[in-house]
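This report takes up the overall build of a protein chain and then turns to a few individual residues.

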Amino acid sequence: MYKPVLDAVGGSLFLTALIAMIPLVTLFVLLGVLRMTAWKAALVSMVVALLVAILAYQMPTTQALLAGTEGAAFGFFPILWIVLNAIWVYNMTVVTGHFDVLRRSFAKVSDDQRIQAVIIAFCFGALLEALAGFGTPVAITCVMLIAIGLRPLKAAVVALVANTAPVAFGALAVPITTLATVSGLPEHSLSQMVGRQTPILAVFVPMALVFILDKGKGVRETLPATLTCGIVFAIAQFVTSNFISTPLTDIVASLVAAASVVLLLRVWKPTGRYVEAPDAPDLAGAQGSSTRITAAADRGVQAGSPTGGGGGDHPVGQGVGTLDDLAERDRNAHDTSTDVAKAYAPYLIIVALFVLTQLPGIKDFFNAKWANPSFTWPGLDLQNPNGKPSSIPTFKLNILSAAGTLMVIAGLITIPVIGISPAKAWRSYVDTYRQLGAAIVTVMAVLALAYVMNASGQTATLGTWLAGSGGLFAIVSPILGWLGVAVTGSDTSSNSLFGALQVSAARQTGLPEVLMAAANSSGGVLGKMISPQNLAIAAGAVALGGREGDIFRKVLSWSLVFLVFMCVIVYLQSTPLLSWMIP
């Protein structure tokens, strides 16, 4: 049996924390500085984490390796199980051409790609986060953004940055319920507190998405739409989380926000129409990286040039093609109401299925123990730093209730609805695994790294060291959650790691317990965009495998800016100035 010692290096917590940082520093340097492909960087960092566990923490080699294998298994199931099946559903719609219909449907709401990106990445992404979470919204919205004409790198960055404010209530608020379990605090109180932090962030996220696409001028031109979307989402998220239902928070917020933008567009239009310039480099950062079409200008962009999803850059499926291809298909298209219904059907099926499985009776069936066994990982025998049995060796094989399994069921229902043959559906499924081969290795390696760090005590050492900041812990608290999500890719996992630690530190420093626990979740949502696991998912979805480092550099600044913003919010809430916001 292995029990981690948090000050294993010379009896010094500070020195041990410095050593514990090495695997994370290695990972981010390899990705962001040396531009190593994600799967290689993840494998190297995993080996470094094993060496730190064995040499610095004196963890038995067998135990360290077993912890890594459990993490890799968890990376595939349930994490990759969700993503793979979500992208399979998308790929089938590409094969049948229904994604073209969906793209044209979004264009009818607005022919401005900035508005389309806000609706897809922020509103629809929030709905997917609410229902599935664990990388699903990034995987699906990435390819949807490519389908409307965004270039792959921009699509990945927009999807990742958008996946922030909704995350704390993702997967029907699993992060909140997990936080309540490990912290011992009431779930409703935590929901209320988080619902008084992330909505403030949500106001600014739509504007950030437009800035990524079109810089400051684009923000000014679309301000009525982005403010409407952000404010309505924030109000709905606050009201639902505080007064209605924790699990339904993001479902209500996403639908109301999308409806508000659609209604606004009936009485208001941007002064100019934005489309991607066909000859501009992807995310060059220059103002000229787009084509701005005013009412007096000719519509359309240069013919014969590839869109962001054309050719080899597009994920598995028929591809988006060149602008000539798109224009030709659009000219010849006569989308009937049936075509549009079939285009939306897969996503409506997903929503309906996830909602149905939360109803009494049906939920009990899907959560039955016979279909969702749990067992102790063979040979893994761990204690936590307090000497109590660790929960890490318990592996939950939620075969029936897993979101990925529900995605499979949704895909099977989708097959006859969209009219794809079983043979083509199966071929699309196999091709999806081929498409995401590098992402599969990356995610499994990153989760192996996370499990080794957790089991050996490296994560706990970092958390305990940060918790020693005294009265400044109100500023450090969101950073701890951010770090946890950056490592694991999951707000749920970060809450399970640091939830109890946040409460303990709050008691030691005299800070409100519910505020510090909630800050872990609210700060954590900002680490998701830089998590190697989510970077790999985004890169795989837009067929940019090997360029995870490029995506990382683009989203890192947004992650840090939003993190500082959240730290300020939490700190002010710990002072008399905003302490009235604490339930």
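## Overall build

Among contacts in the protein chain between residues at least 6 apart in sequence, what percentage join residues at least 24 apart? In this predicted model, the share is 78%.

The secondary structure of the protein chain consists of 25 helices and four strands. Of its 583 residues, 61% count as buried, while the accessible surface of the chain comes to about 20900 Å², with 67% of that area belonging to carbon and sulfur atoms.

## A buried threonine

Thr240 is part of helix H12, which covers residues 223-244. Its relative accessible area is 1%, and Thr240 is therefore classed as buried, given that the class takes in values under 20%.

When neighbours within four places in sequence are set aside, the residues in contact with Thr240 are Ser245, Thr246, Leu248, Thr249 and Val252.

## Positive phi outside glycine

Gln58, although not a glycine, has a positive phi of about 55 degrees, and its place is in the loop that runs between helix H2 (38-56) and helix H3 (61-96). The relative accessibility of Gln58 is 58%, so this residue counts as exposed, the threshold for that class being over 50%.

Lys215 is likewise a residue other than glycine with a positive phi, here near 55 degrees, but Lys215 lies in a helix, namely H11 (residues 205-221). With a relative accessible area of 22%, Lys215 is partly exposed, because that class lies between the buried limit of under 20% and the exposed limit of over 50%.

Note on methods
Residues numbered from 1 in each chain as written. Predicted model: local features only at pLDDT ≥ 70, side-chain atom pairs only at ≥ 80, totals over all residues. Heavy atoms only, no water. Helix = DSSP H or I, 4+ residues; strand = E, 2+ residues; numbered from the N terminus. Buried < 20%, exposed > 50% of the residue type's maximum accessible area, 1.4 Å probe, protein only. Contact = heavy atoms within 4.5 Å. Areas by Shrake-Rupley, 256 points an atom, 1.4 Å probe, with all protein chains shown as cover.
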